[in-house]
Amino acid sequence: MAQSLPIEVTDLEIRYGAVAAVGPISFTAQAGKQLTLLGPSGCGKTTVLRAVAGLERPHAGRVRIGDTTVFDSAAGIDIPAEQRGLSMVFQSYAIWPHMTVFDNVAYGLRVRRKSTAEIKTLVAQALESVQMGAFAERRASQLSGGQQQRVALARACAFSPSVLLFDEPLSNLDAKLRGDMRIELRELQHRLGITSLYVTHDLEEALAMSDAIIVMRAGGIEQTGAPGDIYNFPRTAFVADFVGSANLIEGRVRADLASGDSIAIETVGGQLVYGVAHGRMSSERATLSVRAVHFSLTVQAPADGRNIWPVLIHRAVFLGDLTQVHVAWGDRDLIVRQAGLQAWTEGQRAYLSVDPRHCVLLEAD
């Protein structure tokens, strides 16, 4: 196995004519860890991945893999993709249907002029790592979608790259298989210890598989952090809304009710909402983010505590594991997602509550 190397991107800028598609952005993928670029379609995440791979020429900036500078606009360095020591797994599996599984995985090794004995050993190891050893002689056209994706992974890992790049590799799979492959991919990345840069628009995928996440928006970086920090402490309204279902509550800051890292706001409708500032500064007005799953909806009012309000049920939508309930809260609606067997009906009165720790102050967009 090749040594795992970090990826360092500095002031990367990509333009298409006069249009700035990406940047300037800077980030580092730690050696042996998985960093995920998460964002909506068109935000530039795949363009960044292609620039790291050497398939896209940036307008400015620098890309380093380990101690090697593979791109530097100022120094005129642009190492070809095939010489960067990385491997890429695409959304479309890009395997040859007329070849056997063995020959698909062996292709890159033959291009690198490995010996027959070495190819046999490396292919066998790569196929076993993705639980496809028994399929070596089967034609790729006879495989299911999940099996084809495993073959693509085996081919990417066969020559022991220092870096793996993933471009939406699971988006063509059905929901259940996608969930299973998330686990397999994560376990494989841990087992091999390869630095991975992963692109997806799928929140669950990013949270389940990543050591760190970069949320992108319109070619820039909106927030970087561990999955738990991104989910629980979104920095802006965009992140709060994109990373999970969040309710954004605006109001006038009540400095007289704040202490330490706590904050309180008063809405236009007169409700007081207590939350946490998370070290962030507020002005006269502020916005708090509350995840829909953090609300509690009960028939009886909780005995005591802050952030308890009477509400009216508008509608309830059964989603399987969760029920999404829309409630009238003063002059606006809030969305609650909760597990359990409690059935709610339109027009029913209830009590909404939330722990102030789950009401997070956002920075201005």
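Predicted model: local features only at pLDDT ≥ 70, side-chain atom pairs only at ≥ 80, totals over all residues.
View 1. Strands (E, at least two residues) and helices (H or I, at least four) are DSSP runs, numbered from the N terminus. Two strands pair if DSSP finds at least two bridges between them. Residues are numbered from 1 along each chain as its sequence is written. Local features need pLDDT of at least 70, side-chain atom pairs count only at pLDDT 80 or more, totals for chains, interfaces and linings use all residues, and side-chain values use heavy atoms, with hydrogens and water left out.

View 2. Strands β1 (7-16) and β4 (60-65) run antiparallel, joined by 5 bridges. Glu13 stands opposite Ala60 in β4. Axes are lines fitted to C-alpha atoms, for helices over the stretch in contact, and angles run from 0 to 180 degrees between N-to-C directions. Contact means heavy atoms within 4.5 Å.

**View 3. A sheet of 6 strands.** The order is β7-β8-β9-β3-β10-β11, an open sheet with mixed pairing. β7 (86-89) and β11 (220-225) stand at the edges, each with a single partner strand, so one side of each has no neighbour in the sheet. From one strand to the next, the twist averages 20°. β3 (34-38) and β9 (195-200) pair in the parallel sense over 5 bridges. Thr36 has Tyr198 in β9 as its bridge partner. Helix α4 (145-158) lies across β7 and β8 (163-167), at about 170° to β7.

**View 4. The largest pocket.** Its space is about 600 Å³. A pocket is an open set of points on a 1 Å grid over the protein atoms alone where a 1.4 Å probe fits, with protein on both sides within 12 Å along at least five of seven lines; lining residues have an atom within 4 Å of a point. The volume is the space filled by probe spheres set on the points, joined across faces, edges and corners. Of 23 lining residues, Leu86, Ser87, Met88, Arg112 and Phe159 lie nearest the centre. Helix α2 (101-111) gives the most, with 5 residues.

**View 5. The second largest pocket.** About 260 Å³ of space lies here. The lining includes Arg182, Asp202, Tyr231 and Arg337. Helix α6 (203-209) gives the most, with 3 residues.
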